[in-house]
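Student: I would like to take a close look at a single part of this protein and then see how it sits beside the rest. Could you walk me through it with the model in view?

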Amino acid sequence: MSEQNTDLRETVRRRYAAAALQVAEGGTGCCGPQAIEVDDTFGSALYTADERDVLPTEAVAASLGCGNPTAVADLREGERVLGLGSGGGIDVLLSARRVGPTGKAYGLDMTEEMLALALTNAEKAGATNVEFLKGTIEAVPLPANTIDVVISNCVINLSTDKPAVFAEMFRVLTPGGRIGISDVVADDTLFPAQRAERGDYVGCIAGALSFTEYRTSLEAAGFTDIEITPTHTVADDMHSAIIRATKAITEDTGSAAAAAPGSCC
């Protein structure tokens, strides 16, 4: 990794560590934690009242995303879900409720402070089918062909190596597995320098791919049935979008699935 990319990752880590500490310390006060994001384009306002009400206030307050991936991932009972950049755990905990006791929800984050907050939130929520892992979204610490659904909420744009992220999503998914993620996406007319002008890197703007770049990158990783649907504007010519795609079942992936952990053969 280049020195510039290392510096950007550390900048992202520091920002999210500070956010986690702010929420954790606020939770000890008489009025509870204050939300990190308070407008209608980022944060907990993008979740329904019913979703917010069933979770610890700290999980809701720590929401920093640009969407609600659990609302579009079509999660089913018994599925295994992986949340990339899981933060305080809001999407992982909502996913755990949807997949039920026979399913499992994993959360992956590189920030110790966010992981500590997520574990506390899982305990408060009484969630027993969750597991939080430390690591980066460019190198997921899970075996291949073991996850049914990958979700993420405004995190992939923060990566300085997006091809690695897409390759890892494809690797861990079972054949027929799918992604349901929210991310910031730029109009095709914007150059990278123009995206940078609209916000800093950790603000989910400067690192955004264009619509064409996003589709091309997912195709290069092997995904099919790609849908990229803008939902709301977060800056001039930049949008929160829902991204769906599938890891197709082929002869090669079918063989890989047969060799995956838990296979009877």
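Student: Which backbone oxygen does the side chain of asparagine 129 reach?

Tutor: In this predicted model, the side chain of asparagine 129 reaches the backbone oxygen of alanine 96, at 3.1 Å. Asparagine 129 itself lies in the loop that runs between helix H5 (112-125) and strand S3 (130-134). Although it is a loop residue, asparagine 129 counts as buried because its relative accessibility is 12%, and the cut-off for buried is under 20%. Leaving aside residues up to four places away in sequence, asparagine 129 touches Ala96, Val99, Gly100, Pro101, Gly103, Lys104 and Ala105.

Two of these contacts, Ala96 and Val99, are listed among the buried residues of helix H4, together with Ile90, Asp91, Val92, Leu93, Leu94 and Ser95. Helix H4, which spans residues 90-99, is mostly covered, with 8 of its 10 residues buried. Glycine 100, another residue that asparagine 129 touches, follows H4 and has a positive phi, near 75°.

Turning to the nonpolar cores, the largest has 32 residues, and those with the most contacts inside it are Leu82, Ile179, Tyr214 and Phe223. Among the elements that give two or more residues to this core are strand S1 (80-84), strand S2 (104-109), helix H6 (162-172), strand S5 (173-186) and helix H8 (211-221). H6 gives the most to this core, with 5 residues. Phenylalanine 223, again not counting residues up to four places away in sequence, touches Phe166, Met169, Phe170, Leu173, Ile179, Leu218, Ala245, Thr246 and Lys247. A second, separate core has 9 residues, including Leu93, Ala96, Ala122 and Val130; Ala96 is the residue whose backbone oxygen the asparagine 129 side chain reaches.

Alanine 241 is buried, with a relative accessible area of 1%. The C-alpha atoms of alanine 241 and threonine 231 are separated by 5.3 Å, while the two residues are 10 residues apart along the chain. Beyond the residues up to four places away in sequence, the contacts of alanine 241 are Ile181, Ser182, Asp183, Val185, Ile228, Thr229, Pro230 and Thr231.

Notes:
Residues numbered from 1 in each chain as written. Predicted model: local features only at pLDDT ≥ 70, side-chain atom pairs only at ≥ 80, totals over all residues. Heavy atoms only, no water. Helix = DSSP H or I, 4+ residues; strand = E, 2+ residues; numbered from the N terminus. Buried < 20%, exposed > 50% of the residue type's maximum accessible area, 1.4 Å probe, protein only. Polar contact = N/O pair within 3.5 Å; in protein donor to acceptor, adjacent residues only side chain to side chain. Contact = heavy atoms within 4.5 Å. Core = buried A, V, L, I, M, F, W, Y, C linked by side-chain atoms within 4.5 Å.
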